[in-house]
Amino acid sequence: MLIGGGIAGLATAIALSRHGWRCTILEQQLEHRRPGHGMVLPPAGRLALESLTGGPLGRFSAPIESFEICSRDGLLRHRYPISGSLSLLHRDLLSLLQQSLPAAVEVLEQGCAGLEPGPGGDYRAVDLVGRRWQADLIVAADGIHSHCRGCLFPEALLTPELVTELVLV
């Protein structure tokens with residue numbers, strides 16, 4: 001059982017299914033569209049992703065040689081070389097991973113309300129309509145506003161970060 005069908009959930013489902021696990025993904029929003037949101041994929045990440053998806057990422061990405069940090073007025077503060085890296089849009093990566101899912105992976109458009117302790121110290125996933133899902137393994141990949149993290153680690157606090165602009169060259 002995977003909670004969340006974003007990048008981490010989809011990649012994990014692909015990898016687990018290759019090792020014989022039967023996977024079900026609970027995802028509250030199957031149509032992920034974050035226009036303009038992108039990421040930098042370093043060489044090791046590129047190799048891992050190509051291994052998961054079965055091929056080169058060329059049509060989904062663009063090469064990047066460096067990134068720059070600039071002041072608000074555009075003055076260059078620092079340039080970092082990142083040869084061999086790729087830029088990739090979030091929505092394109094999600095589409096690529098969705099297309100790479102084995103047919104045996106079940107994806108359900110159903111959000112997760114959280115986890116509850118089961119008998120014997122295990123956990124059950126509880127979906128938004130109150131169904132309880134028992135599984136040999138539960139992977140909590142439900143993102144930054146995770147309901148699962150709050151159930152497992154109620155004391156954990158995230159520090160909000162603000163990035164205004166990243167210039168890729």
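Predicted model: local features only at pLDDT ≥ 70, side-chain atom pairs only at ≥ 80, totals over all residues.
The largest nonpolar core comprises 23 residues, among which Ala-13, Ile-25, Leu-49 and Leu-101 touch the most other members. Two or more residues are given to this core by each of helix H1 (7-18), helix H2 (43-53), strand E5 (76-89) and helix H3 (90-100). Of the contributions to this core, the largest share is that of H1, with 5 residues. When residues up to four places away in sequence are not counted, Ile-25 touches Leu-2, Gly-4, Gly-5, Gly-9, Leu-10, Ala-13, Leu-101, Val-105, Glu-106, Val-107 and Leu-108. In soluble globular proteins, nonpolar side chains tend to be buried together.

Leu-152 belongs to helix H4 (residues 147-152) and is classed as partly exposed because its relative accessibility is 32%.

The count of aromatic pairs in the model is 1. The pair is formed by Phe-67 and Tyr-80 and is stacked, with a centre-to-centre distance of 5.0 Å and an angle of 25 degrees between the planes. Phe-67 is located in strand E4 (residues 61-70) and Tyr-80 in strand E5, so the pair ties together parts that lie 13 residues apart in sequence. Phe-67 counts as partly exposed, at 22% relative accessibility; Tyr-80 is likewise partly exposed, its relative accessible area being 32%.

Notes:
Residues numbered from 1 in each chain as written. Heavy atoms only, no water. Core = buried A, V, L, I, M, F, W, Y, C linked by side-chain atoms within 4.5 Å. Buried < 20%, exposed > 50% of the residue type's maximum accessible area, 1.4 Å probe, protein only. Helix = DSSP H or I, 4+ residues; strand = E, 2+ residues; numbered from the N terminus. Contact = heavy atoms within 4.5 Å. Phe/Tyr/Trp six-rings, centres within 6.5 Å; stacked < 30°, edge-to-face > 60°.
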